[in-house]
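Here is a short report for a reader new to this structure. Please look at the chain before reading on.

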Amino acid sequence: MTDADRGTRPSRLRELSRSLVLTELARSGALSQASLVRSTGLSRATVASIAADLRAEGRLAVIQGTEPGGRGRPPALLQLCSGTDAVVGVDFGHSHLTVAVADLAGTILDEERVPIDVHGSPDDALDAAASMVATLLDRARVGQAPAHVVMGVPGPVDLRTGRLRSGTVLPTWEGLDAGSELSRRIGCAVTVENDANLGAVGEHRFGAGRGVDHLIFVKVSTGIGAGMLLGGKLYRGSRGTAGEIGHVQVRDDGALCRCGSRGCLETVSSAGAALALLSPAHGRTMTVDDLVALAAGGDPGTLRLLTDMGTAIGRVIAAVAANLDPELVIIGGTVATDALVAGIRAAVHRYTQPYVSAEMTVVRGALGERASLLGAIALAIAAVATA
Ligand SMILES: [Zn+2]
């Protein structure tokens, strides 16, 4: 064990134990100390010590009541104090999970990002999200029950059922009611939203789209999707699938797409498509970080590839822009390099009418990979304001 381990391990263990206690109380409403020991698996002494701390912080109340199925003399139950001005944003990506806690002014109180296994079980990922939410709320010293939670997912969400539709880049999540699943774990209502939609909201509230009410946000990462803000409002379509531009066909005889079609924009211009071309050229398996580093270093082949990808994306955006007449197109996602944005900008201007392109700007997002997370925070704040 290193000196650093000696210094951090007890506090990390304590943090995890607090998180377990808080999660159980949020899920169950009120529990006796004995029930908390059983449900968390922690020792009686640990639960008693954590409960004492939380009571001293004014976050835990002791009430008299009966647990579900309880008999005999009512035990003293522990219950979290309600009422908080905090909101939570959760962003699931193809390979990461990010959680942030903010106050109602939009100030981020705490934020954390961890990798997830894209092919792993949704249960494990949602358990991890619930644990992170509890830990961050605890670290930010706010009440356990946030005023609202918004969760972003990388794929279309059916407006009628809240379930993920086919086309998500998290294959094991298709058909999942992720909002209910997370809500059950953290004891609070959760709204689920497509990540590109959240990117549009995030850039509008905090980033490159401030003050612009007609904008298109295009996320170019593992998949490609667009979020559209029209007249200051998010446009989701009749079923929630508006903006799925990654599955517009751009090659009649192109590669098979995971959606079942072939020649989709995603098969030409996504991170996966880029890496499939770049890896053989460099004789090793390349990552998105490699791609971005090569572009920043001016590698000619990478710049050519990104420009071509931008051209294909720009042609599709041009068709969307011709219909919607936006003021601003914002490019985000992991592949949003200068070369890609320049390729998109050139194609959008080339393939739209001069009167459309003359007053329409194409820019790189200001929030980077945090656009969807900050959009989740913005939507959560808006939900509280209109409640
Ligand atoms: Zn497709």
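Leaving aside its neighbours within four places in sequence, which residues is V133 in contact with? They are V88, V90, V99 and I186. Two residues are in contact if their C-beta atoms, placed from the backbone, lie within 7 Å.

This is a predicted model: local features need pLDDT of at least 70, side-chain atom pairs count only at pLDDT 80 or more, and totals for chains, interfaces and linings use all residues. Residues are numbered from 1 along each chain as its sequence is written.

**The chain and its core**

The protein chain holds 13 helices and 13 strands. These are DSSP runs, numbered from the N terminus: helices are H or I with at least four residues, strands are E with at least two. Of the 387 residues, 45% count as buried. Buried means that 20 or more other C-beta atoms lie within 10 Å of a residue's own, exposed means 12 or fewer, and partly exposed lies in between; C-beta atoms are placed from the backbone.

The largest nonpolar core has 108 residues. Such a core is a set of buried Ala, Val, Leu, Ile, Met, Phe, Trp, Tyr and Cys residues joined through C-beta atoms within 7 Å. V133, M151 and V329 have the most contacts inside the largest one.

**The sheet**

Five strands form an open sheet in the order β6-β5-β4-β7-β8, with mixed pairing. Two strands pair if DSSP finds at least two bridges between them. β6 (108-115) and β8 (190-194) are the edge strands, each pairing on one side only. β4 (residues 86-92) and β5 (residues 96-103) pair in the antiparallel sense over 7 bridges. V90 has V99 in β5 as its bridge partner.

Two helices pack on this sheet. Angles run from 0 to 180 degrees between N-to-C directions; axes are lines fitted to C-alpha atoms, for helices over the stretch in contact.

| Helix | Strands touched | Angle |
|---|---|---|
| α4 (residues 122-139) | β4, β5 and β6 | about 30 degrees with β5 |
| α6 | β4, β7 (148-153) and β8 | about 95 degrees with β8 |

α6 (residues 195-206) is mostly covered: 10 of its 12 residues are buried. In α8 (residues 271-282), the buried residues are A271, A273, A274 and L278. They cover an arc of only 165 degrees around the axis, so they lie on the same side of α8. The arc is that of the directions from the helix axis to the C-beta atoms. These buried residues pack against α7 (265-269), α9 (288-296) and α10 (300-324). Just after α8, G283 takes a positive phi of about 70 degrees.

Methods. The expected span of a helix is 1.5 Å times one less than its number of residues.
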